[in-house]
Amino acid sequence: MLEINNLHVTVSDEKQQAKAILRGLNLQIQSGEVHAIMGPNGSGKSTLANILAGRADYTVTAGSVAFQQEDLLALVPEDRAMRGLFLAFQYPTEIPGVNNMYFLRTALNSLRKKKGLSPLDAADFLMLVKAKLKEVGLDEGFLHRAVNEGFSGGEKKRNEVLQMLVLEPQLIILDETDSGLDIDALQMVARAVNSLRHSGRSVLIVTHYQRLLNYIEPDKIHVMAQGRILKSGDKSLALELEAKGYGWIESEAKA
Amino acid sequence: MTAALLPSWLQTHVANFSLPYAEPTWLSEYRTEQKAIFLQQGLPTRRDERWRYADLSCLEEMSLRGHFSGRSNPENGSPRPLRSLAMTDANTCIFEDGCFVSAHFSTVDEKKEIICCSMRDAIIHHESLVKKHWQANVDTKAYPFASLNTALFADGLFLYVADNTTLSQPLHLLFLTSDQQAWMAHPQHLVVLGKNSKLSVIADYTSNDATEYWMNSLTKISLAEQAQLDFCKIQNESSQAIHIATCLVEQKKASTANFLNFSFGGRFCRDDLTIMLQEDNAVCKTSGLYCLRQDQQYIDHHVDILHHAAHGESEMLYKGILQKKSRAVFNGKLHVAAAAKKTQAYQANHHLLLSPTAEAFSKPELEIYADEVKCKHGATTGQLDAEALFYLCSRGVPQAEAERLLLQGFANDVLQRVNCVDTRQRIQEQLL
C-alpha cells in the first residue's frame, strides 16, 4: 500500500534557512494493516503526515514514497485524494462562506467521477450523509454551516471523521486525531476507524498517547525521533512507552 | 483662481446645452445655477481627497454626444429586454441609453397606489410632488457629477409609492443601451416612498457589446416614516463604458433601507452613495461586491452615512475580487452628529487580490461627535487562503473547483443579502 524509502525533508525557517525535519525515514505499510507512529514532540510525525497529503511548505531532498506502486510525491494533493489517500488533520482549517455539505458532496463527486461513477445529487447525498452523521455524533445543522467555522475542537475532529466515512479512502492517516478529545469522542473515532478496517484498506495513526490504541489495535507500532524511526514493534511497545517514556529508545539508538 | 479642468468638448456641450422642451421656472433656475457651478468648478482633480485615485483623463480622451432619444412614442420599437434578464414575476421599467421607454406592471392593482413614469412626464403632471422631494441642497463640491447631471438631465425615472402601500413584486429597472457609439446620458431619478410603504427594486445596468459611452446618473431617494426599501443594483456596463452614479438618500423616522451593489462592468466606475438618517430609529444597510477582471479596470466606491438622529443603525459591508492590473477604491465615511445618541454602526471592507498587479485602496473615515455610540470598522486585503485551498484539495476537490468554492465563500455574506432567489443565482453565476 505505502512504501517510504530513505525520506529526507526540510522546511525553511524564519531566516529562510533549510531545517531538516525528516532524516532518512523508512516505512512500509501493507494492505489491511494498521500502523501507529508515536514519538516525542518535534520528532517529525506531523510533518510525515502532511508530506504524504501533499502540503506545499516542505521540500523533499531525498528518498521516495510509493502509494499503490505509484510515485506519490509527483502527484498534486487532489490526485492523491482521488487515489484514496486521506489525512484527518490535527488542526482542521476553518473556511468561512463555504458550505460544509456542498464541499463534501463536491469532494465525493470528484472521487466518484474518477471511479467512473455518476455524481450524487443533493437528495441522494443527504441520505448517505445523514446516517454517517449519527455515527460521528454531529447533528444535521453542521452540514448547513461553513466548513469548520466556529466548530469546537471536538466538533472539528468529528467533522474530519465524517469526511473519512463518506469518502471511504484506501489509506487513512490520522494526525493526532485523539488529542483534545473526551473519552466518548475517542471511542467514536475508534468505532469509525474499526468499521472501515478492511483487507484492502490501511491506516496510519499518528499519536502521542497509547489510549487510542486501546480501542484501535495496531498491527505495528513505530517510535519516531529526530526525523526517523528508531524502533518498531507490536502493540506491546505502546504499553512499554507509556510506562517508560521515550528516553530509553533514544539512548538505545545512540548506543 | 486657476481655470477649471474641463475637456473642451464637455465645456462646449454644457455651455450650449438647452432643453428641447419647456420646464417650470423653479427647475430651469436650479438647472442654470448648477450649470454655472459645474462650469466654474470643472472636473474634480486628484488633489481633491475624494477623487485622489480617480483618473478622469478617460473623459478627456473621449468626445461624446448627448442625445435625447427620449422616445416620445414608446410603442415604436421599444427595446426588448435580454431574455436572460427578464423576470417573470416582476414589474418592469425599461430605459434605453438613460431615457425612460416603458413600464409594465404585472397586475393592475400594483399600479393603483403608485406613480411610475418618466421624469419628463412627472415634471409636467406631478410637479408639486417632484418639487417637494427635490433635495435641492446638494453639496456641489462633494458631488460635482450631480451638478453636471442636474445641468444636463433630460429624463429619468419618477417613482412614487403612496402611504401604506406595499408592492408585492419587485420593481425591475432595466437600463439597456442601444448600439450607438460615443454618447453620454445624464438621467435623473427620483424615488419617493410614503409612510409605512414597502418597495423592492432591482436595477440592472447592462450592455451587449463593447460600445463606448458615459452613464452619469443621479438618483434621489426619500423614505418617509417607517418606509422600507430594498435596492439592489447590478452594474454590467460595457467594457468600454464610464459609469458614474450618485445616489442621495434621506431617511425619516424608523425607516429601513437596504442597498446592495454588484459591479462587474465598465472600465471606469465611480459610485457615490450618501445616506442621511434624519430622524430617530432609522436603519440602513449597505453592501457591495465588485469583481474586476480587466487590465486598467477601475472602481471607486464612496459610501457616506450620516447619523443625525438617535437610535440609528447603519452597516457597510463591501467586498472586492480583483484580477489582472485592476484597481479598486473604497471610502466609507461615517458621521455621527452630537444628536445621534445610541447610534450603532458597523463598517467592513475586504479585498481579495488574485494577481500581483491588482491594487486596492481602502479608507475608513469615522467622525463621531455623539456619546454612547457603538461603532466598529475593519478592513483586510489578501490572497486566496493557501491553507483553505490545500484543505479542499486534500479531499479530492480539483484546484480550479476549490478556488471557485473559496471565491464563492468570500462573496457569500454579501450574496445572501439578495432576497430574490433568481437574482441571487444570476449574480452567483456571473461570479464564476
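Predicted model: local features only at pLDDT ≥ 70, side-chain atom pairs only at ≥ 80, totals over all residues.
Residues are numbered from 1 along each chain as its sequence is written, chains are lettered from A and ligands numbered from 1 in the order in which they are written, and side-chain values use heavy atoms, with hydrogens and water left out.

**View 1. Strand 13 of chain B and its parallel partners.** Helices (H or I, at least four residues) and strands (E, at least two) are DSSP runs, numbered from the N terminus. Two strands pair if DSSP finds at least two bridges between them. Strand 13 of chain B runs parallel to strand 11 (residues 228–236) of chain B, with 8 bridges; here Gln235(B) sits opposite Ser263(B). With strand 15 (residues 283–292) of chain B, strand 13 also pairs in the parallel sense, over 8 bridges. Of the 8 residues in strand 13 of chain B, 6 are buried (buried means under 20% relative accessible area, exposed over 50%, partly exposed in between, with a 1.4 Å probe and protein chains only).

**View 2. Asn261(B) and the residues around it.** Asn261(B) belongs to strand 13 (residues 256–263) of chain B. Is Asn261(B) buried or exposed? Asn261(B) counts as buried because its relative accessibility is 6%. Its side chain makes a polar contact of 3.1 Å with the side chain of Asp271(B). A polar contact is a pair of N or O atoms within 3.5 Å; within protein, one must be able to donate a hydrogen and the other to accept it, and residues adjacent in sequence count only if both atoms are side-chain atoms. Leaving aside residues up to four places away in sequence, Asn261(B) touches Lys233(B), Asp271(B), Ser287(B), Gly288(B), Leu289(B) and His301(B) (contact means heavy atoms within 4.5 Å).

**View 3. Phe145(B) in helix 7 of chain B.** Helix 7 covers residues 144–152 of chain B. Phe145(B) counts as buried, at 1% relative accessibility. Not counting residues up to four places away in sequence, its contacts include Leu43(B), Trp51(B), Leu56(B), Trp214(B) and Ile244(B). Pro44(B) is another residue that Phe145(B) touches; the two are 101 residues apart along the chain, with 9.0 Å between their C-alpha atoms.

**View 4. The open sheet of 4 strands in chain A, with helix 1.** The strand order is 2-1-4-5, and the pairing is antiparallel. Strand 2 (18–29) and strand 5 (70–71) of chain A are at the edges with a single partner strand each, so one side of each is left without a neighbour in the sheet. Strand 1 (residues 2–12) and strand 4 (residues 58–67) of chain A are joined by 8 bridges, and Thr10(A) has Thr59(A) as its bridge partner. Helix 1 (residues 45–53) of chain A packs on the sheet, touching strand 1, strand 2 and strand 4; its direction makes about 105° with that of strand 1. Axes are lines fitted to C-alpha atoms, for helices over the stretch in contact, and angles run from 0 to 180 degrees between N-to-C directions. In helix 1 of chain A, 8 of the 9 residues are buried, among them Leu48(A), Ile51(A) and Leu52(A). Just after this helix, Gly54(A) takes a positive phi of about 105°.

**View 5. Where chain B meets chain A.** The contact draws on 18 residues of chain B and 30 of chain A. Together the chains bury about 1900 Å², with 66% of it on carbon and sulfur atoms; buried area is the accessible area (1.4 Å probe) that two parts lose on being put together, summed over both. Phe390(B), Tyr391(B) and Arg395(B) supply 42% of the area that chain B buries against chain A, more than any other three residues. The interface holds 2 salt bridges (a side-chain nitrogen of Lys or Arg within 4 Å of a carboxyl oxygen of Asp or Glu). Glu160(A) and Arg395(B) form a salt bridge at 2.6 Å, N to O.
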